[in-house]
Amino acid sequence: MPYIPGMDKIQTDLLISGGGVAGLAAAVAFGAAGFDVVVVDPAPPVTDAADPGADLRTTAFLQPAQGVLDRAGVWQALSGHATPLAIMRIVDAAKETPVSRDFAASDISDRPFGWNLPNWLLRRVMVDRIGAMDNVTLRTGTGFAAMVARTDQALVRLTDGTQIAARLVIGADGRGSPVREAASIGVATTRYGQKAVTFAVTHPGPHNGVSTEVHRAGGPFTLVPLPDHDGQPCSSVVWMDTGPRITTLAALSDADFTAAANDRSAGVNGPLTLVGRRSVWPIISQIADRITAPRTALVAEAAHVMPPIGAQGLNMSLADIACLLDLTVANPDALGSPAMLAAYARARHGEMRLRVTGIDALNRTSMAQSPLIHDLRALGVRALHDASPVRRRLMKLGLGAA
């Protein structure tokens with residue numbers, strides 16, 4: 001990026017590229033800690049479920065992630081809309097008679113595993129929080145264009161020509177991250193030939209805080225509790241399968257799609273009734289070769305992408321943000337320094353690789369068509385559940401415990 005002498009620059013502690021849930025979460029977290037923050041995104045965050053561009057997916061925030069949101073000052077506004085997740089139920093429906101095992105949060109904690117929230121609501125609450133913060137600026141309609149890293153700061157040009165000098169640039173700008181590309185960081189991508197269709201359903205019986213993954217072949221069918229809809233118990237659904245299968249399902253009429261969803265759910269929540277529209281998303285795994293460059297750190301999908309199994313994706317993203325924030329608060333003068341970025345890479349990159357690899361293995365097992373793999377999967381779930389110490393350790397690992 002050519003620097004134009006004499007042109008006014010915006011000076012800030014942090015520039016965050018990306019106004020999705022992760023980027024906004026980073027903005028409010030660092031802002032709450034007293035740092036000056038500018039967050040940019042070409043598109044304004046969609047903050048209304050009725051908007052045609054709304055992200056209708058939901059996110060299950062596990063215990064550590066909830067702590068990050070609380071620290072950022074947004075949890076109080078979110079908590080009244082959050083649905084607790086008390087039990088993770090795994091159902092193997094490959095056989096005529098489904099087999100299920102429950103993993104209860106009460107085994108390891110006096111709190112739920114996590115809380116489920118709509119993504120559009122997360123954006124609304126975070127945007128409102130930013131609006132009340134004098135030290136955080138949200139600039140939409142412009143995005144990251146180019147960057148030159150110097151010893152003490154990075155000089156960034158935005159797509160509208162604005163120049164910003166920041167001590168640290170955070171790339172929270174998704175799987176095709178412009179920040180990652182500008183930093184010449186490579187990425188390894190795995191494509192499964194899968195897609196996911198997401199939607200919401202009502203059902204006659206209460207979900208009782210149970211999040212359920214139903215496994216057969218092609219990928220899991222996951223129901224996650226939501227608040228009641230029009231007086232009826234409600235859940236969000238992520239249905240993963242082969243790309244052609246999901247494309248066919250997405251094109252069905254509401255009645256035919258609902259019938260297919262009821263067949264695939266194995267009846268775990270009773271008859272399902274479709275609520276609202278459906279959205280389709282590609283399923284990949286991705287890991288960046290590095291997560292730092294001079295004056296630059298990658299977080300969230302700029303650093304790692306994985307299939308939506310076990311609520312790991314955005315929870316890992318908030319763990320990235322929490323790690324960066326802890327390092328910054330411990331030594332504010334070192335913000336963006338080589339030592340700080342090296343500490344971030346040591347703390348997070350190995351963990352990212354481990355979890356991406358683990359979720360990749362789980363997804364491949366869930367996709368499998370082989371009856372032998374189905375039998376081994378069912379035996380594995382039984383073994384993990386029925387050995388109490390192993391079960392508790394597995395649940396703690398799922399929450400992000402060391």
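Is aspartate 160 buried, partly exposed or exposed? Aspartate 160 is partly exposed, with a relative accessible area of 45%. Here buried means under 20% relative accessible area, exposed over 50%, and partly exposed in between (1.4 Å probe, protein chains only).

The model is predicted: local features need pLDDT of at least 70, side-chain atom pairs count only at pLDDT 80 or more, and totals for chains, interfaces and linings use all residues. Residues are numbered from 1 along each chain as its sequence is written, and side-chain values use heavy atoms, with hydrogens and water left out.

Aspartate 160 meets arginine 139 in a salt bridge (3.5 Å, N to O). The term covers a side-chain nitrogen of Lys or Arg within 4 Å of a carboxyl oxygen of Asp or Glu. Arginine 139 sits in strand 8 and aspartate 160 in the loop between strand 10 and strand 11, so the pair ties together parts 21 residues apart in sequence. Arginine 139 is partly exposed, at 23% relative accessibility. By this rule there are 10 salt bridges. Another joins glutamate 351 and arginine 355 (2.3 Å, N to O). Both lie in helix 9, four residues apart, about one turn of the helix. Arginine 355 is buried at 14%, while glutamate 351 is partly exposed at 24%.

Now the sheets. Helices (H or I, at least four residues) and strands (E, at least two) are DSSP runs, numbered from the N terminus. Two strands pair if DSSP finds at least two bridges between them. An open sheet of eight strands has the order 6-5-13-14-15-12-16-19, with mixed pairing. Its edges are strand 6 (99-104) and strand 19 (304-305), each pairing on one side only. Strand 5 and strand 6 run antiparallel, joined by six bridges. There, isoleucine 90 stands opposite arginine 101.

Helix 6 (residues 243-250) lies across strands 12, 15 and 16, at about 140° to strand 15. Axes are lines fitted to C-alpha atoms, for helices over the stretch in contact (heavy atoms within 4.5 Å). Angles run from 0 to 180 degrees between N-to-C directions. Gly243, Ile246 and Leu249 of helix 6 are buried. Seen down the axis, the buried residues fall within an arc of 130° (directions from the helix axis to the C-beta atoms), so they line one face of helix 6. They pack against strand 12, strand 15, helix 7 and strand 16.

A second open sheet has three strands in the order 3-7-4, with antiparallel pairing. Its twist averages 30° from one strand to the next. Helix 2 lies across strand 3 and strand 7, at about 95° to strand 3.
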